[in-house]
Amino acid sequence: MSTQVVSLKEHIPHRAIASQKEIGHIVIEDVEIIFGKGAEANQAVKKTSLDITPGEFVCILGPSGCGKSTLLNSIAGYVTPSSGSVAVDGTPVTGPGPDRGMVFQQYSLFPWKNIRDNIAFGPKVAGRTNVECSSIANTFLEMVGLSKFADKYPAELSGGMQQRVGIARALANYPSVLLMDEPFGALDAQTRLMMQENLLSLWSEFGITVVFVTNDVDEAIFLADRVLIMSASPGSIIDDLHISLPRPRDPAMATSADFMAYKKICLDQIRSESLRAFEQQNR
Ligand code: ADP
Ligand code: MG
């Protein structure tokens, strides 16, 4: 799939090119997230601090319900922390913004717009001219290998294709960071592997910071520079694992001794966390 990725250097504004490593710096300081009040209060994320370097590919890995989406949403600006702060490139996050592209598990495209208009939506809202919107849409359509489908509607595309549109749509705003919440969770295994490789190609071309939430250990290790393992609810980061597998990553690496060693660390942590959560629930 990497052959579908065209060179973006001439299309992407200066600030978003891979060599511009100073953008996409995420700093989370003492963030705690509690939903509800009083007897109803539910602590979703325990006090957490995190520093994500520009251009880094970070995976947040943890059991279902541990607070991965909540933590990601605090970077996206959909959730306001109960205490602590989140900043991207020194600017405090106070709500969603085009500097942070988001891709969800559900494709969340506009069903009444064709693929080209879905991708052009962000640039249009940002006040770009029709000519610019069209040029940006074409660039990103080509980038995700969907130029031929520009005039189709989301319902006419497979799940994998829709998710490629979702990624293109997020990137078309030239964000500093790309936030992805189990984006490939609804796809079949084969499509998922292809999407992972495609995403890595885009990431290496784009040089963008990616924070990618998953509950799949193999996916996290295959993609990431860093895997942050979260505890069972209320979530906190219990391990920050640096993945030093060479790049470009190759699916064949999944059988290497190094990959297996990382996998064992992740699985052991998740297993003990799941057991702890199970015991808590049944106490
Ligand atoms: P994960 O993404 O790891 O599966 P979530 O971040 O979705 O976990 O949820 C963490 C906890 O926060 C869960 O107990 C969930 O029920 C709760 N939660 C998430 N979003 C909300 C919300 N908007 N209102 C109340 N509780 C929420
Ligand atoms: Mg979630």
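Colleague: Why does Asp30 count as partly exposed?

Modeller: Keep in mind that this is a predicted model. The relative accessibility of Asp30 is 41%. Buried would need a value under 20% and exposed one over 50%, so at 41% Asp30 falls in between and is partly exposed. Asp30 is part of strand β1, residues 26-35, and its phi is near 50 degrees, a positive value in a residue other than glycine.

Colleague: And what makes Asp89 partly exposed?

Modeller: For Asp89 the relative accessibility is 32%. That value also lies between the 20% and 50% limits, so the label is partly exposed. Asp89 sits in the loop between β4 (83-88) and β5 (91-92). Its phi is near 50 degrees, again positive in a residue that isn't glycine.

Colleague: Let's turn to Ser74. How do you know whether it is buried or exposed?

Modeller: Ser74 has a relative accessible area of 1%. Since buried means under 20%, Ser74 is buried. This serine belongs to helix α1. Leaving out neighbours within four places in sequence, Ser74 is in contact with Ile33, Val79, Pro81, Val86 and Val93.

Colleague: Why is α1 called largely enclosed by the rest of the structure?

Modeller: Eight of the nine residues of α1 are buried, so the helix is largely enclosed. The buried ones are Lys68, Thr70, Leu71, Leu72, Asn73, Ser74, Ile75 and Ala76. Helix α1 (residues 68-76) lies across β3, β6, β7, β8, β9 and β10, and runs at about 155 degrees to β7. Just after α1, Gly77 takes a positive phi of about 95 degrees.

Colleague: What makes β6 and β10 edge strands?

Modeller: The sheet is open and has six strands in the order β6-β7-β8-β3-β9-β10, with mixed pairing. β6 (100-103) and β10 (237-242) each have a single partner strand, so one side of each has no neighbour in the sheet. On average, neighbouring strands here are turned by 15 degrees against each other, direction ignored.

Colleague: How do you know that β3 and β8 pair?

Modeller: Pairing takes at least two bridges, and five join β3 (residues 57-61) to β8 (residues 209-214), so the two strands pair. They run parallel. For Phe57, the bridge partner in β8 is Val210.

Colleague: Which element gives the most to the shell around ligand 1?

Modeller: That's α1, with three residues. The elements that give two or more residues are β2 and α1. Among the residues around the ligand are Phe35, Ala44, Pro63 and Gly65.

Colleague: Why is Lys46 called partly exposed?

Modeller: Its relative accessible area is 37%. Lys46 is in strand β2, residues 42-52. Beyond four places in sequence, Lys46 touches Val31, Glu32, Pro234, Gly235 and Ser236. Lys46 and Glu32 are 14 residues apart in sequence, with 5.1 Å between their C-alpha atoms.

Colleague: You mentioned Pro234. What is the peptide bond from Ser233 to Pro234 like?

Modeller: The bond is cis, with omega near -5 degrees. Pro234 is in the loop between β9 and β10. Another cis peptide bond joins Arg247 and Pro248, with omega about 0 degrees.

Notes:
Residues are numbered from 1 along each chain as its sequence is written. Chains are lettered from A and ligands numbered from 1 in the order in which they are written. This is a predicted model: local features need pLDDT of at least 70, side-chain atom pairs count only at pLDDT 80 or more; totals for chains, interfaces and linings use all residues. Side-chain values use heavy atoms; hydrogens and water are left out. Helices (H or I, at least four residues) and strands (E, at least two) are DSSP runs, numbered from the N terminus. Axes are lines fitted to C-alpha atoms, for helices over the stretch in contact, and angles run from 0 to 180 degrees between N-to-C directions. Contact means heavy atoms within 4.5 Å. Buried means under 20% relative accessible area, exposed over 50%, partly exposed in between (1.4 Å probe, protein chains only). A residue is near a molecule or strand if one of its heavy atoms lies within 4 Å of it.
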